[in-house]
Amino acid sequence: MTQTPLSVVGRRARSLRSARRGPARYSAFDLLRRGALGRDWPRSFTQPELKGSYDAVVIGAGVHGLATAYYLAANHGMTNVAVLDKAYIGGGGSGRNTAIVRSNYLTPEGVRFYDRSVKLYENLAVDLNFNVMFSQRGHLTLAHNDSSLRTMRWRAEVNKLQGIDSEVIGPEHISRLVPYLDVSAEARYPVLGALYHPPGGTIRHDAVNWGYARAADHLGVHIHQYTEVTAIHVEADRVTGVSTNRGDIAAPVVVNCTAGWASTVCDLAGVRLPLITHPLQAAVTEPVKVFLEAVVVSGSLHVYVSQTDRGELVFGASVDPYPSYSMRGSLEFTEELAGHVLELMPSIAKLRVLRQWAGLCDMTPDYSPIMGVTPVDGFLVDVGWGTYGYKAGPVAGEAMAELVATGKTPEIISAFDLARFAEGRLVGEKGAAAVGH
Amino acid sequence: MIRIPCPHCDARNSTEFRHVGEAAARPDPSTATPERWRAYLYERANPAGWTSETWFHTMGCRRYITVERHTVTNEIRSARPAGGTRAEPAAALSARGDAGSPDAGGQA
């Protein structure tokens, strides 16, 4: 009997696998098997041909667009769907945010909405068969003065009423959770207390984007990268399709999930939005040994800090002080950020900043998103994601998919409609959604 | 860092200024409908390109100025005193070139 070399077995298996199209299921067993047999992994998603018509077109292949397409296919059986992006998957805000997930908001509408997202994130790795590295390490929002402590108490009570794990804690408890934080009374901005939210944490945002893209692709959704929408066709106040740099597409439903660029895409359909696009800058340091477990946020100091699994400290700030679509970093940002971080943690003064970047935030007047129908029939928006879009990706996708499939606005997003600005029903979330106030 | 050519103070760092917002025409409060008024309050063109906007020189002359800025490149092609008649961008630029007297460009 002759021995068959493993590589030959691998080649045979490869040809067998490519004959029956189907996704590889990621598992520890499969990792061992492929390692032993020398097999390659198949591509995570395909590159289908652009068709002339789809049942729905989603603009923007970030977490919102991909989640919308995934839930359309997974929950509603709508698979004749295209996701278009002028660049690559997760190249906008979905790959530029600081990957913080939490639900301790201020308004009951906001708390319910973001909590659904946290719940979806908790099961996302299993649902998508993709390790999204969701780490619920606890989230602390520091209060440096009486008025912010009062807002923390208010938020804690609203959170508890909605069943969210959220409480106000004192400086001793904070210093146990964050060992290097300066909680002394001599600090320039003394720490009086914090809103502690144990289910909050961080996630690997790229993995979420790729996981949704892979799962949607396997269900038959077409993801077209480098396909820029150049026109949106509207006839008698009804959307009929889009033009792209690769050809025209007829579609009865077009969903705008483009966050920072939302105004430019809505312009194509003649829909005017209450949005102002600001860059938001972030930075990471060189990696050091893990010492910081929780996510630490300070509204007064306009900064949030967390440590990645690689050991880098991730810093985020408030939005830049003037609107822009430029994503260049600025020196004044780095200076201000470093100063504020050192107010909180003087002992990390020797750490060097490794890189900085910016993403675009489409800010709304009330710091809540805009989701749902527009004056143009069939043209839907999932925009106004400002500084809080990533944490809402799954629930926004789920709700927008339901709206596309059923034609009815789900209750969970009904407060966030575009008409609220004309009707004076703003959902004031500024006290909990941003650090720049 | 962007530098703003203040018509009263010459080029200064943007950190000296406060961004006020897109120039928008205010409707007549006595005749505007609530919808029209709220559109004025909230809706913005938010263009990715040239825009005309108001800045306030907080740490300088403390005057309002109208700036033409490209929101993608942050290039500025003109800055003139806010209000009054609208100057041609070229006129505003040449006026700014008369640096020396503090009020150079103030007539643009």
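Against which elements of chain A do the buried residues of helix 4 pack? In this predicted model, the buried residues of helix 4 of chain A pack against strand 3 (100-101), helix 5 (124-128), helix 6 (146-161) and helix 11 (393-406) of chain A. The buried set in helix 4 of chain A consists of A:Gly110, A:Val111, A:Phe113, A:Tyr114, A:Asp115, A:Ser117, A:Val118 and A:Tyr121. Helix 4 itself covers residues 108-122 of chain A, 15 residues in total. From first C-alpha to last, helix 4 of chain A reaches 21 Å, close to the 21 Å expected at 1.5 Å a residue.

Chain A as a whole contains 13 helices and 19 strands. The radius of gyration of chain A is 23 Å, close to the 22 Å given by the globule rule for 437 residues, so chain A is as compact as a globular protein of that length. The C-alpha trace of chain A spans about 75 × 75 × 40 Å along its principal axes. Of the 437 residues in chain A, 49% are buried. Among contacts in chain A with a separation of 6 or more, 77% are between residues 24 or more positions apart.

Two domains are assigned in chain A: domain 1 comprises 56-96 + 206-270 + 372-433, and domain 2 comprises 133-203 + 276-363. Their C-alpha centres lie 29 Å apart. The contact between these domains takes 17 residues from domain 1 of chain A and 13 residues from domain 2 of chain A. On the domain 1 side, the elements that give two or more residues are helix 8 (205-218), helix 9 (262-268) and helix 13 (430-433) of chain A. By class, this side of domain 1 has 8 nonpolar, 8 polar and 1 charged residues.

Chain B has 108 residues, of which 19% count as buried. The secondary structure of chain B amounts to 2 helices and 6 strands, arranged along the sequence in the pattern β-β-β-α-β-β-β-α. For contacts in chain B between residues at least 6 apart in sequence, 46% join residues at least 24 apart.

The contact between the two chains takes 16 residues from chain B and 21 residues from chain A. On the chain B side, helix 1 (residues 34-42) of chain B gives the most, with 4 residues. The residues of chain B on this side divide into 5 nonpolar, 7 polar and 4 charged.

Conventions: Residues are numbered from 1 along each chain as its sequence is written. Chains are lettered from A and ligands numbered from 1 in the order in which they are written. This is a predicted model: local features need pLDDT of at least 70, side-chain atom pairs count only at pLDDT 80 or more; totals for chains, interfaces and linings use all residues. Domain bounds come from an automatic or database domain assignment. Two residues are in contact if their C-beta atoms, placed from the backbone, lie within 7 Å. Ala, Val, Leu, Ile, Met, Phe, Trp, Tyr, Cys and Pro count as nonpolar, Asp, Glu, Lys and Arg as charged, and the others, Gly among them, as polar. A residue is buried if 20 or more other C-beta atoms lie within 10 Å of its own, exposed if 12 or fewer, and partly exposed in between; C-beta atoms are placed from the backbone. The expected span of a helix is 1.5 Å times one less than its number of residues. The radius of gyration is taken over C-alpha atoms; the globule rule is 2.2 Å times the number of residues to the power 0.38.
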